[in-house]
Amino acid sequence: MSDAAQASFSIEKIYVKDVSFETPNSPQIFMTDWEPEIDFNLGSAAQQIQENTYEVTLKVTVTVTLGQKTAYLIEVSQAGIFGALG
């Protein structure tokens, strides 16, 4: 049997690891002209938690600013536990 036929991948768990939603300059920020700038960042991380078992995390950060002030700061980390035999 070839190596490719013996490889396997499994999804064990999917979960939200962290969620944060902030409006640090409210309500004053909403009293100005609304011409926001949006910054979007995406990151990932992986770590082995057991033999052939890994946690993979996807982190999304969205920052909405008006000038130098932050209107919204949103962070979400979605994670999963995966099995991989190869």
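## Confidence first

pLDDT is the predictor's confidence in each residue, on a scale from 0 to 100. This is a predicted model, where local features need pLDDT of at least 70 and side-chain atom pairs count only at pLDDT 80 or more, while totals for chains, interfaces and linings use all residues. Residues are numbered from 1 along each chain as its sequence is written, and side-chain values use heavy atoms, leaving out hydrogens and water.

The chain comes out at an average pLDDT of 93, and 94% of the residues score at least 70. Confidence is lowest in helix α1 (residues 3-6), with a mean of 64, and highest in β3, at 98. Helices (H or I, at least four residues) and strands (E, at least two) are DSSP runs, numbered from the N terminus.

Strands β2 and β3 run antiparallel, joined by 13 bridges; strands count as paired if DSSP finds at least two bridges between them. Along this pairing, Gln47 sits opposite Glu55 in β3. Two residues lie between the strands of the hairpin, and Asn52 there takes a positive phi near 65 degrees.

Buried here means under 20% relative accessible area, exposed means over 50%, and partly exposed is in between (1.4 Å probe, protein chains only).

## The nonpolar core

What makes up the largest nonpolar core? Five residues do: Ile29, Val62, Val64, Leu66 and Ala71. Strand β3 (residues 53-66) gives the most to this core, with three residues. A core of this kind is a set of buried Ala, Val, Leu, Ile, Met, Phe, Trp, Tyr and Cys residues joined through side-chain atoms within 4.5 Å.

Beyond its neighbours within four places in sequence, Val64 has contacts that include Trp34, Pro36, Lys69 and Tyr72 (contact means heavy atoms within 4.5 Å).

## Aromatic pairs

The whole structure holds five aromatic pairs. Rings of Phe, Tyr and Trp (its six-membered ring) pair if their centres lie within 6.5 Å; planes under 30 degrees apart are stacked, over 60 edge-to-face, and the rest tilted. Phe9 and Phe82 are stacked, because their ring centres are 5.6 Å apart and their planes at 20 degrees. This pair links strand β1 (residues 8-22) to strand β4 (residues 69-85), 73 residues apart. Phe9 is exposed at 59% relative accessible area, whereas Phe82 is buried at 17%.

Phe30 and Tyr72 have ring centres 5.8 Å apart and planes at 45 degrees, so they're tilted. Ring pairs also link Phe21, Phe30, Trp34 and Tyr72 into a cluster.
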